[in-house]
Amino acid sequence: MEADKIKDSIKRAAQELFRKFGYHKTSVNEIARKAKIAKATIYKYFDSKEAVLHVLLMDYIKVSVNDLITTNTPELDEETHLSNLIMKTCRLSYTICNEFIGWDFIRESTNSQDFLKNLSNELEELLMQSFTQLPNIRKHETYHQRLRFLIKCSKSIVFSFAFTSVSDADVRKNFVSFQKEILPYLVKAAVTI
């Protein structure tokens, strides 16, 4: 039980520091100091600072995806329902980049780009599992392939914002453009069988 408390302490400290200073500007020493433990103790539970970030993000994503999928919405048509879910997922991706990692680090670091690619692949799998378990989603293999295509396209477009946008205002503008000009066509292609 003590090990769980220590891990939670490390995660809480890291989360607070990552949100305040960004991933790149937070050191393992600072996490240890904030958690009131020795630096070596962090390495007993996590291989690296990146491993701490990964665990934090996966915890955050699992809860967020579950909330996205299970939130009761008024009976919407299929296209609107999927569009809403994709936009909520995009906002989740934005939050991850903005609050946990930091845009400057994302743009400048090859490691962060690889990390985000792996993270987005895990997010894709979580979304596919969640989507296919919904009672109102068709159980047709072609439809599942189209849903995967919709998710892949959407995540590729959204993560490209991080690498091409100069400011947060640019990112928001790109989100609005994506929502109004691109997403309706992607959703239409996914649901039309």
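**View 1. Lys155 in helix H8 of the predicted model.** At 14% relative accessibility, Lys155 counts as buried, where buried means under 20% relative accessible area, exposed over 50% and partly exposed in between, with a 1.4 Å probe and protein chains only. Lys155 lies in helix H8; helices (H or I, at least four residues) and strands (E, at least two) are DSSP runs, numbered from the N terminus. Leaving aside neighbours within four places in sequence, Lys155 is in contact with Ser120, Asn121 and Glu124, contact meaning heavy atoms within 4.5 Å. The C-alpha atoms of Lys155 and Thr89 are separated by 8.5 Å, although the two residues are 66 residues apart along the chain. This is a predicted model, in which local features need pLDDT of at least 70 and side-chain atom pairs count only at pLDDT 80 or more, while totals for chains, interfaces and linings use all residues. Residues are numbered from 1 along each chain as its sequence is written, and side-chain values use heavy atoms, with hydrogens and water left out.

**View 2. Helix H9 and its kink.** Helix H9 covers residues 168–191, and its 24 residues should span 34 Å at 1.5 Å a residue, which agrees with the 32 Å between its end C-alpha atoms; the expected span is 1.5 Å times one less than the number of residues. A kink of about 50° lies at Ile182, shortly before the proline Pro184, the bend at a residue being the angle between axes fitted to the seven residues ending there and the seven starting there. The buried residues of H9 are Val171, Phe175, Phe178, Leu183, Leu186, Val187, Ala190 and Val191.

View 3. Glu79 has its place in helix H5 and, at 26% relative accessibility, counts as partly exposed. Not counting residues up to four places away in sequence, Glu79 touches Val187, Lys188 and Val191. Glu79 and Tyr185 are 106 residues apart in sequence, yet their C-alpha atoms are 10.0 Å apart in space.

**View 4. The largest nonpolar core.** This core has 50 residues, of which Ile31, Ile61, Leu119, Leu150 and Phe178 touch the most other members. Two or more residues each come from helices H1 (2–21), H2 (28–35), H4 (49–70), H5 (78–101), H7 (110–133), H8 (141–164) and H9. A nonpolar core is a set of buried Ala, Val, Leu, Ile, Met, Phe, Trp, Tyr and Cys residues joined through side-chain atoms within 4.5 Å. Leu119 is in contact with Leu57, Met58, Ile61 and Ile96, once its neighbours within four places in sequence are left aside.

View 5. Thr26 is placed in the loop between H1 and H2 and is buried, with a relative accessible area of 1%. Apart from its neighbours within four places in sequence, Thr26 is in contact with Leu17, Phe18, Phe21, Ile31 and Lys49. Lys49 also lies over the face of Tyr23, at 4.3 Å from the ring centre; a charge sits over a ring if NZ of Lys or CZ of Arg is within 6 Å of the ring centre and within 35 degrees of the ring normal.

View 6. Asn66 is found in helix H4, and at 45% relative accessibility it counts as partly exposed.
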